[in-house]
Amino acid sequence: MGSNKTIVWFRRDLRIEDNPALATAARDGCVFPVFIWCPQEEGQFYPGRVSRWWLKQSLAHFGQSLKSLGAELILIKTHSTLSALLDCINAVGATRVVFNHLYDPVSLVRDHNIKEKLLELGITVQSYNGDLLCEPWEIYDESGNAFVRFDSFWDKSLHMQMEPVSHLPPWRLLPAPGKFEKCSIEELGLEDETEKSSNSLLGRGWSPGWSNADKALTEFVEQHLIDYSKNRLKVGANSSSLLSPYLHFGELSIRKVFQCVRIKQLLWVKEENSIGKESVTLFLRSIGLREYSRYLCFNFPFTHERSLLSNLKYFPWDVNQGNFKAWRQGRTGYPLVDAGMRELWATGWIHNRIRVIVSSFAVKVLLLPWRWGMKYFWDTLLDADLESDILGWQYISGSLPDGHELQRLDSPEIQGSKFDPEGEYVRQWLPELARMPTEWIHHPWDAPLLVLKAAGVELGQNYPKPIIELDLARERLTGAIFKMWEMEASARASDSGGTNEVVVDNTVGTGNLAIPKVMLKEKAPCSTISSNDQKVPTIQNPKCNPAHKKRSKYIEEERPNRDKMHKGNGIKGTSRTDEDLCSTAESSATEKQATSRFSFSVPQYCSSSESQPLHEVESSDVRQPLQVQIDREHVSSKDVAAGT
């Protein structure tokens, strides 16, 4: 064992097993494990109540594990992560800092800035991949461009050589000597006194912690994976792996999950078990979507604020706070949507199928800005994951080349019959509809008065009437799309003086779409030369707007037909550089602006153009700009409380 003194900076990698940063530090000398909580740097990414509850439990569990190995996890609450790291370095005389990568825009900029400052002081900094199967800068097409279609990305990923897990858990840790003023887990302030009573219910259904994550993985693979393909059409909790919170907080290694499932795949292929093979394929695809979410955020770091394709730049959103409140509280009058939103509030978790349904309803039926919904998910989900939520909301909004068509509006009634055919899910979360016959459970507005009376349902009284008729919603959506096209055409005519307007059919390909090209900036060699170290993107052409979707047949036929928009996959992406280059890149003004303190506030008013900033709600409570308002709404809502 070496004589190095190493600071191991933990974030969302709270596990002992397959933790490359911890394994490296433990092998080379003394370790000083530290977790730094800096609410000011979280800004609008400050986690919601249930997410902070999970983090608190996970930290306690992880701290006990480290202590049993011989080292204590130092908890620090600070106003500056860099200052806290410098204090740790001075306290123990450390010569090296190691950590595992994060890929969201805020972390990329922060980590890069911290690395540069420490390097200037002569501190060695090394970082590792502890979160993905492959790094985002390792997967490009033959031309060196980033993939913008999931199937192409995942097919390339699956064909890449993946090394088996080699980071064995340390059997003991040698603590670095030194005195440091630490704080207790309660002093971190992850849980307010007013939140503890509500949070106590979470412990009945969830067990945070890396060793519990290992048990959850084993149970799923051995007992439930075989039925994954069959259960995907159900919306209850038992139809999912329930591994997402463990993966988000890094309590579970994605490499271990992948390898365990692949072993089952080989077994079922040998046994010619078609059901098992289909289940594995579908589950691996869900892993691929998680990988893809980080891939997109790395290569296109503006996607938390702007759509990848600028199809929504001129979309006339209906900035209606009343409708937004009804959606949040589960009072839209559409049972499947309302059940999902009430489950989200009560438990902090909903099935991915329900996430798609409720988000689609918000964007396409209510025409609410997609960023509002994404922010609400961030505030309320137990497994709130910025990259995954960005992918989901952009997919629903038609902002990805292989996403939902913008004009596609699915009926919650039909979806209810498909995914909750017996109405059990709706009855569980909408007790006011518990006595409704299955025939009418997903569309009570069509039920005869005698049926409603027998079930104790008074539409407009104890359960709301539909917030909007679907036929009208379809008309509004179609009208909004045409208005978006008109505004886009007007803007182009204005920019070109009305003389250069060119209408191009976009059915051939998307290679000419002007997505900003993100490069990996080359730097001179430094003390952290390593193929493991993090690379950071920088926008090559920040003045270039995201792709405008072009059309000719839409105007001629006067009807939406977005299927043809997405054929082709030649969109320019990122360019690779030598993997052995030092992992540094400039933090451009564009990136800093994209991670501004109030960039994620839910606005009081939103213009119809995505090119203009949203007017945001500023709260005196920086940590929870929206949560306090939501808490008040739900505390006074009897019907929502009944759902818990």
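Author: Let us start with a definition: the expected span of a helix is 1.5 Å times one less than its number of residues, and helices (H or I, at least four residues) and strands (E, at least two) are DSSP runs, numbered from the N terminus. The model here is predicted, so local features need pLDDT of at least 70 and side-chain atom pairs count only at pLDDT 80 or more, while totals for chains, interfaces and linings use all residues. Residues are numbered from 1 along each chain as its sequence is written, and side-chain values use heavy atoms, with hydrogens and water left out.

Reader: How do you know that the reach of helix 5 is close to what is expected?

Author: Helix 5 has 16 residues, for which 22 Å is expected at 1.5 Å a residue, and its first and last C-alpha atoms are 23 Å apart, which is close to that value.

Reader: What makes a residue of helix 5 buried, and which residues are they?

Author: A residue is buried under 20% relative accessible area, exposed over 50% and partly exposed in between, with a 1.4 Å probe and protein chains only. In helix 5 the buried residues are Pro-105, Val-106, Ser-107, Leu-108, Val-109, Arg-110, Asp-111, His-112, Ile-114, Lys-115 and Leu-118. In helix 21 the buried residues include Leu-470, Trp-485 and Glu-488.

Reader: Is Gly-330 buried or exposed, and how do you know?

Author: Gly-330 has a relative accessibility of 0%, so it counts as buried. Its place is the loop between helix 13 (321-329) and helix 14 (335-347), and its C-alpha atom is 9.7 Å from that of Pro-464, although the two are 134 residues apart along the chain.

Reader: What makes the phi of Glu-272 worth a remark?

Author: Most residues other than glycine have a negative phi. Glu-272 is not a glycine, yet its phi is positive, about 55°. Glu-272 lies in the loop between helix 11 (254-270) and helix 12 (274-299), and with 67% relative accessibility it counts as exposed. Leu-367 is also not a glycine and has a positive phi of about 60°; it sits in the loop between helix 15 (352-365) and helix 16 (370-380), but at 5% relative accessibility Leu-367 counts as buried.

Reader: Why is strand 4 described as largely enclosed by the rest of the structure?

Author: Strand 4, residues 96-100, has 5 of its 5 residues buried, and therefore it is largely enclosed by the rest of the structure. Arg-96, Val-98 and Asn-100 are buried on one side, and Val-97 and Phe-99 are buried on the other, so that both faces are covered. Strand 2 is likewise largely enclosed, because 9 of its 9 residues are buried.

Reader: How do you know that strand 1 and strand 4 are paired?

Author: Two strands pair if DSSP finds at least two bridges between them, and 4 bridges join strand 1 to strand 4, which run parallel. Within this pairing, Trp-9 stands opposite Phe-99 in strand 4. Strand 1 and strand 2 also pair in the parallel sense, over 7 bridges, with Val-31 in strand 2 as the bridge partner of Thr-6. Strand 4 pairs in the parallel sense with strand 5 (residues 124-128) over 5 bridges, and there Val-98 stands opposite Gln-126.

Reader: What makes a space inside the model a cavity, and how many cavities are found?

Author: On a 1 Å grid over the protein atoms alone, a cavity is a set of points where a 1.4 Å probe fits but cannot get out, and lining residues have an atom within 4 Å of a point. A search of the whole structure finds 13 cavities of 30 Å³ or more. The largest cavity holds about 440 Å³ of space, where a volume is the space filled by probe spheres set on the points, and grid points are joined across faces, edges and corners. Its lining has 26 residues, and Arg-12, Trp-37, Glu-42, Leu-102 and Arg-110 lie nearest its centre.

Definitions and conventions. 1 Å grid on protein atoms, 1.4 Å probe; cavity = no way out; pocket = protein on both sides within 12 Å on 5 of 7 lines; lining within 4 Å.
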